[in-house]
Amino acid sequence: MNTNNPLWRFAGMRPAAWFFFIFLYLPIVVLVVLSFNGGQSATLWDGFSLKWYSVVANDAEVVRAAKNSLIVATLATLIATSLATLAALGMRGRAFRGQPLMSGVLGLPLLVPEIVTAVSTLMFFSFISLKLSLFTILIAHVVFCIPFAYLPIRARLEGMNPYLLEAAADLYASPWKAFWKVTFPLLSPGIISGAMLAFIISMDDFVITYFVAGAGATTLPVYIFSSIRMGISPKINAISSIILVISIVFVALSYYVGQRKR
């Protein structure tokens, strides 16, 4: 901690900060440790073992839920990132009427509570008589992931030198060729960063998925919720630990790629 920061001069600030971090991260550490528990209890240590990870790998329901999560997350990432890239490019040009409103609409899903988004999305699907399935989960995830993909792309785009496109035009490059030769290579770290962020948001989402998932369209977060209603087992700890590791890797990579060549 930076002791030169005036914030730390306030009495009790340091203990409060330590309490916050311990309260936030200690349960996660305990969960990961207990995922290697050799016993049947999810809360009492009974020796080191990898058997619960083996149980997870050989559980047909878990594998099916993982496949559903991967399919939805991959497709949602590709679609949401493509739409976010087009939106960022469109918003970068000459100012137009309603541009601030459009920017606000693009970021609105980040501000609206997930439960509100989930209920309203479910009502919309019911209104148009669309059967709940993996397809409805995909639609909901695409809409929800667009802002997460848009923000890194937009930030990268704003940091680009606008005179590079003018230089490309002076060299007789067409707008399409200038995009592929100049804009896209410079924008690709932001696109990759946004895509990885959108992927992990889709993989981890529970609230929206729970509301718009149909029969047989179970993802890993929904499977975990359904399982813990019958009691917590070390298998759930193992699944949660795997999701945690995947999330940390993707968030770290997203941050690294987003910062590259700044």
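A salt bridge is a side-chain nitrogen of Lys or Arg within 4 Å of a carboxyl oxygen of Asp or Glu, and by this rule the count comes to 1 salt bridge. This is a predicted model, in which local features need pLDDT of at least 70 and side-chain atom pairs count only at pLDDT 80 or more, while totals for chains, interfaces and linings use all residues. Residues are numbered from 1 along each chain as its sequence is written, and side-chain values use heavy atoms, with hydrogens and water left out.

Q: What makes Asp59 and Lys235 a salt bridge?
A: The closest N and O atoms of Asp59 and Lys235 are 2.9 Å apart, and the rule asks for a distance within 4 Å, so the pair qualifies.

Q: Why can this pair be said to tie together parts that are apart in sequence?
A: Asp59 lies in the loop between α2 (51-57) and α3 (60-92), whereas Lys235 belongs to helix α11 (residues 234-259), so the pair links parts that are 176 residues apart in sequence. Helices (H or I, at least four residues) and strands (E, at least two) are DSSP runs, numbered from the N terminus; the protein has 11 helices and 0 strands.

Q: Why is Asp205 called buried?
A: The relative accessible area of Asp205 is 6%, and buried means under 20%, exposed over 50% and partly exposed in between (1.4 Å probe, protein chains only), so Asp205 is buried. Both Asp59 and Lys235 are buried as well, and of the 262 residues of the protein, 37% count as buried.

Q: How do you know that a polar contact joins the side chains of Asp205 and Thr209?
A: The distance is 2.9 Å, and a polar contact is a pair of N or O atoms within 3.5 Å, where within protein one must be able to donate a hydrogen and the other to accept it, and residues adjacent in sequence count only if both atoms are side-chain atoms. Asp205, in the loop between α8 (175-204) and α9 (207-212), also has a polar side-chain atom 3.4 Å from the backbone nitrogen of Ile208.

Q: What is Asp205 in contact with, leaving aside its neighbours within four places in sequence?
A: Asp205 is in contact with Glu114, His141, Phe144 and Pro221, where contact means heavy atoms within 4.5 Å.

Q: What makes a set of residues a nonpolar core?
A: The members are buried Ala, Val, Leu, Ile, Met, Phe, Trp, Tyr and Cys residues joined through side-chain atoms within 4.5 Å. The largest such core has 19 residues, and Ala84, Val142, Tyr150, Ile153 and Leu187 are those with the most contacts inside it. Helices α3, α6 (134-158) and α8 each supply at least two residues of this core, and α6 gives the most, with 8 residues.

Q: Why is Ser129 called exposed, and what is its phi?
A: Ser129 counts as exposed because its relative accessibility is 65%, and its phi is near 60°, a positive value in a residue other than glycine. Most residues other than glycine have a negative phi. Ser129 lies in the loop between α5 (114-127) and α6.
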